[in-house]
Amino acid sequence: MYVTGEMVRPVLLVKGEPEYPRAARQAGLGGRVTLRAVIAEDGSVEAVEVLSSSNSLFDSSAVDAVRKWRYRPALMNGRPVRVYFSVVVNFIVR
């Protein structure tokens, strides 16, 4: 189910930073990965898939990080529901 106007959206509670890929860091590359995550009724991330990416070097690191995130689940009529949710992971050279 996708998040709709009648729902309370999931709220990110625990966010770990992704590991910056060594090759990207050495090359001075930044990046952005847009993912679709499945947020379960308990707020865990059940599945993650890449929707778009500025560079495939960042994909696995972004997916691994998002799998560890935790959410307050989406609510419909006051009850937790499983939803698809888009997230963006940015990689910024520092």
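Colleague: Which backbone oxygen does the side chain of serine 61 reach?

Modeller: The side chain of serine 61 reaches the backbone oxygen of glutamate 19, at 2.2 Å. A polar contact is a pair of N or O atoms within 3.5 Å; within protein, one must be able to donate a hydrogen and the other to accept it, and residues adjacent in sequence count only if both atoms are side-chain atoms. Please note that this is a predicted model, in which local features need pLDDT of at least 70 and side-chain atom pairs count only at pLDDT 80 or more, while totals for chains, interfaces and linings use all residues. Residues are numbered from 1 along each chain as its sequence is written, and side-chain values use heavy atoms, with hydrogens and water left out.

Colleague: Why is serine 61 called buried?

Modeller: Buried means under 20% relative accessible area, exposed over 50%, and partly exposed in between (1.4 Å probe, protein chains only). Serine 61 has a relative accessible area of 10%, and therefore counts as buried. Contact means heavy atoms within 4.5 Å. Leaving aside neighbours within four places in sequence, serine 61 is in contact with Pro18, Glu19, Tyr20, Pro21 and Phe91.

Colleague: What makes a stretch of residues a helix or a strand?

Modeller: Helices (H or I, at least four residues) and strands (E, at least two) are DSSP runs, numbered from the N terminus. The protein has two helices and seven strands, in the order β-α-β-β-α-β-β-β-β along the sequence. Serine 61 belongs to helix α2, residues 59–67. In that helix Asp59, Ser61, Ala62, Val63, Ala65 and Val66 are buried, and the buried residues of α2 pack against β2, β3 and β7.

Colleague: What makes a set of residues a nonpolar core?

Modeller: A nonpolar core is a set of buried Ala, Val, Leu, Ile, Met, Phe, Trp, Tyr and Cys residues joined through side-chain atoms within 4.5 Å. The largest one here has 23 residues, and Leu35, Val45, Val66 and Trp69 have the most contacts inside it. The elements giving two or more residues to this core are β2 (31–39), β3 (45–53), α2 and β7 (83–91). Of these, β7 gives the most, with five residues. Not counting residues up to four places away in sequence, valine 66 touches Leu35, Ala37, Val45, Val48, Val87 and Val89.

Colleague: Why does threonine 34 count as buried?

Modeller: The relative accessibility of threonine 34 is 18%, so this residue counts as buried. Threonine 34 sits in strand β2. Leaving aside neighbours within four places in sequence, threonine 34 is in contact with Glu49, Val50, Leu51, Ser52, Val87 and Val88.

Colleague: How do you know that glutamate 49 and arginine 36 form a salt bridge?

Modeller: A salt bridge is a side-chain nitrogen of Lys or Arg within 4 Å of a carboxyl oxygen of Asp or Glu. The side chains of glutamate 49 and arginine 36 meet at 2.3 Å, N to O. This pair links distant parts of the chain, with glutamate 49 in strand β3 and arginine 36 in strand β2, 13 residues apart. Glutamate 49, at 36% relative accessible area, is therefore partly exposed, as is arginine 36 at 22%.

Colleague: How many salt bridges does the whole structure contain?

Modeller: A search of the whole structure finds two. Arginine 82 forms a salt bridge with glutamate 46, the closest N and O atoms being 2.7 Å apart. Arginine 82 lies in the loop between β6 and β7 and glutamate 46 in strand β3, so the pair ties together parts that are 36 residues apart in sequence. Arginine 82 has 36% relative accessibility and so counts as partly exposed; glutamate 46, at 41%, also counts as partly exposed.

Colleague: Why is asparagine 77 said to be exposed?

Modeller: The relative accessibility of asparagine 77 is 74%, so this residue counts as exposed. Asparagine 77 is found in the loop between β5 (74–76) and β6 (79–81). Asparagine 77 also has a positive phi of about 55 degrees, although it is not a glycine.

Colleague: Why is valine 14 partly exposed?

Modeller: Valine 14 has a relative accessible area of 45%, and is therefore partly exposed. This residue lies in strand β1, residues 11–14.
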